[in-house]
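Subject: Structure handover

Hi,

Here is the structure I promised you. Please open it alongside this email. My notes follow below.

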Amino acid sequence: MHTAHSRRHADQLTSRRRRGSRRSFGIRLGVVLAAFALIAVACGGGDDGGDTGDGAAPAEPDTTEVAVEAPSTTMSEQEEEVVEAREAGEATGEDVRETETGPVHGGKLVYGIEADSANPFVHYATSCAISCRMIFRAITDSLYITDSDGEIVPLLVESEEHSDDYMTWTLTIRDGIKFHDGTPLDGEAVAYNINLCRLSQLTGPAFLGIDSVTGEGQTVTVTASPGQPLATGVGPAGRAEVCGQMFSPAWMETLPNNPLYVSPASPLPEAAREAALAAATGDPSAPVGLGAFRFVSYTPGNGNSFIAERNPDYWRGPNGITGENLPYLDEIEFVVAVDIQGRSNGLKAGQFDIIHTANADEIAKYEGDPDFVLLQANDFGETSHSLINVASGVNPVLTFVRGGDPTDASQLIQMDPLGLNATNPLVHLSCRKALAHAFDGERFANERHQGLVQVANGPFPPGSVGHLEDSGFPTYDVDAAQAEFEQCKADSGQNPVTFSFNTTNDAFNVESNELIASMWTDAFGDELAVTIAPIEQGQYIGLALAGVFQMQGWRNHGGVDPSEQWYWWNSATASPVNPGVPELALNFGRFQDPEIDAAYQVIRHNPDPEARREAAEAVNRAFGKNVWNLWTYWTLWGVIANPRVQNITDLPIPDNAEGAFPVISGKHHLAQIWCTDGNCQG
């Protein structure tokens, strides 16, 4: 057995900006259980984090008020560096403010978030957008965490090893950690979490290639399916996010949606499933994690909130195994404010202490504003795009995965058995290319996002593995658009060419869709008819999973490694459009691309960094050639707070010289936040 990690040198302790190595493809082979970012829709570095790198606890908190220097109305040197990094696609969201004293315990933080979550709050069931993932980060922790060098390193995991052939991985879990209900985090608890995700219809497809996960004592053993070596670990399904975030098995055993009770693939005998289900009276919306804050209450809906209080027995607290002083806040309240203007106005009025947003137009309004702290992040960020449903024909790969014979026409799985997507002209490449050529990305970036975002030509932002300056994706060219549109009309048999273009019900997003549609109308006139449908975000996610849409505005694919994107783009995760079953798909667009499938065989199973880089670039070119999505821009996130909210992103990692990566796809950690004088409101 060989360890997959090595410790960094002490000279890395003060690193504040990503080094060139962070962009290399020499990712740790110890990367296990990838970030399961189950949907980030319109909805992943700091310095040493104050740690010595050897697990030593920080100093006792100082209870004196912190002197915070108000920023100048002119752009400071630090702000100029942020702008430079943003333009290079490397803005990390790091909070670099300096204070005169240390952290203070106390206070309630009110966080304005962009959306509620569907099917809350357990990893195997929740349609987890960025807001949900912020809640998860408050109430529990992950097996792994992304450090400030952009590498995924152990957190709840103490160490990991793999066999010479990468067919077996052995994880050792930190001893002495307890869930909020007092039950222990051990190997069996971790295996229970992962195996429930494997059984879930929602998350299960992300675990294809895993034969078994077992736990004993503080050890977890993960075994690959025959011929499927796990070159990058168990991923991509539970490393630093949803399925890697641990919840109490004792709580999950009480839940009526537990996959052991309801999944057709459950190993339990029918009588045992029925008995367990009859006794399952627990509440899925009252989660039991092991994080810095523990659940108090949840009221669903816009304007309502999720409340969590300080966990006095946190494993990183004074009573925990590390002897640190986390968390500092007494309470966090996450309030759903769907409309960005309402969220922003709530911050200015003091209703919220902190908000997040992927609206660059709103972010621009806070640049140079001395009354607020603005953190900007596009590093490892998402790609905004128009998501297209191309479900049609048959799926031989899925047929094989489900035990059928792909050479027998009678067994082939039909992708659209009810014909629900049959009238969608976008199943035709000519129509997708026509729309792509007619989209003026620079105009969109300037008019909707103040020129702060970069026009996208593929799923991988600048600096990411797989990024290409020229991916082959259609560029803005009205003449080329009109030529493709003539073929589109012939291929679809439609004139006018007609489809629906969904958006969330945020007014800004509706206007953004309207601008895109106007560009298409400018190019094609009355031979194109686009209907824009605003939809509540919780329903929006469900439509994508079920495939009941033609085109939707979307935001997804943030992450530090291309292996994290596999389950979104594989033919095996392109389930049919059949709401009567229902068939949920992680490959929302239902496309099948043999070149992408082949490239991911290398990305997932070949440990050679250069081979994996070349495969990621092949994925990018396949998207450019087949236009499975209409790429718009690489997303910029803003985290905005009143200045009393301190240390927004600087979380140390036990036994690691590096701190946590500040902001990935709008997500940051919360345990390290404290407020001036222990009072977030002032």
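Is the crossing in which helix 10 passes helix 12 left-handed or right-handed? It is left-handed. Bear in mind as you read on that this is a predicted model.

**Helix 10 and helix 12**

Two packed helices are described by the angle between their axes and the distance between the axes. For helix 10 (residues 429–437) and helix 12, the angle is about 155° and the axes are 7 Å apart. Angles over 145 degrees count as roughly antiparallel, so helix 10 is roughly antiparallel to helix 12. Helix 10 brings S430, C431, K433, A434 and H437 to the contact. Helix 12 answers with V478, A480, A481, E484, F485, Q487, C488, D491 and S492. Sorted by class, this contact has 7 nonpolar, 4 polar and 3 charged residues.

**Helix 11 and helix 13**

The next pair is helix 11 (residues 441–449) with helix 13 (residues 507–524). Their axes come within 11 Å and cross at roughly 150°. That angle makes helix 11 roughly antiparallel to helix 13. The crossing of helix 11 and helix 13 is right-handed. On the helix 11 side, the contact uses R443, F444, E447, R448 and H449. On the helix 13 side, it uses F508, E511, S512, L515, I516, S518, M519 and D522. By class, the contact of helix 11 with helix 13 has 5 nonpolar, 3 polar and 5 charged residues.

**The nonpolar core**

Which residues touch the most other members of the largest nonpolar core? They are L109, L185, F334, W520 and F524, out of 170 residues in that core. Helix 3 (residues 187–199) gives the most to this core, with 8 residues.

L109 deserves a click. Beyond its neighbours within four places in sequence, L109 is in contact with L329, E331, I332, E333, D353 and I354, among others. Its contacts also include V645, I673, C675 and C680.

Start with A360. A360 sits in helix 8 (residues 360–364). Its relative accessibility is 1%. Buried means under 20%, so A360 counts as buried. Setting aside neighbours within four places in sequence, A360 is in contact with H449, Q450, L452, V453 and L636. H449 also belongs to the helix 11 side of the contact with helix 13. A360 and A445 are 85 residues apart in sequence, yet 9.1 Å apart in space, C-alpha to C-alpha.

Next, W634. W634 lies in strand 21 (residues 629–634). W634 is at 8% relative accessibility, so it counts as buried. How many residues separate W634 and G89 in sequence? The answer is 545, while the C-alpha to C-alpha distance is 8.5 Å.

Then C243. C243 is in the loop between strand 8 (219–224) and helix 4 (249–252). With a relative accessible area of 0%, C243 is buried. C243 and N193 are 50 residues apart in sequence. Their C-alpha atoms are 7.3 Å apart.

**Backbone points to check**

Two cis peptide bonds are on my list.

- L326 and P327 are joined by a cis peptide bond, with omega about -10°. P327 is in the loop between strand 10 (305–310) and strand 11 (331–336).
- The bond from N495 to P496 is cis too, with omega near 10°. P496 is in the loop between helix 12 (478–492) and strand 18 (497–504).

Two residues have positive phi values.

- V627 is not a glycine, yet its phi is near 50°. V627 falls in the loop between helix 17 (609–626) and strand 21. V627 is buried, with a relative accessible area of 0%.
- N647 is not a glycine either, and its phi is about 55°. N647 is in the loop between strand 23 (645–646) and strand 24 (674–675).

Send me your questions once you have looked through it.

Best wishes

Terms used:
Residues numbered from 1 in each chain as written. Predicted model: local features only at pLDDT ≥ 70, side-chain atom pairs only at ≥ 80, totals over all residues. Heavy atoms only, no water. Axes fitted to C-alpha atoms, helices over the stretch in contact; angles between N-to-C directions. Helix = DSSP H or I, 4+ residues; strand = E, 2+ residues; numbered from the N terminus. Parallel < 35°, antiparallel > 145°, perpendicular 65-115°, else oblique. Left-handed = near helix turned anticlockwise from the far one by under 90°. Contact = heavy atoms within 4.5 Å. Nonpolar A, V, L, I, M, F, W, Y, C, P; charged D, E, K, R; others polar. Core = buried A, V, L, I, M, F, W, Y, C linked by side-chain atoms within 4.5 Å. Buried < 20%, exposed > 50% of the residue type's maximum accessible area, 1.4 Å probe, protein only.
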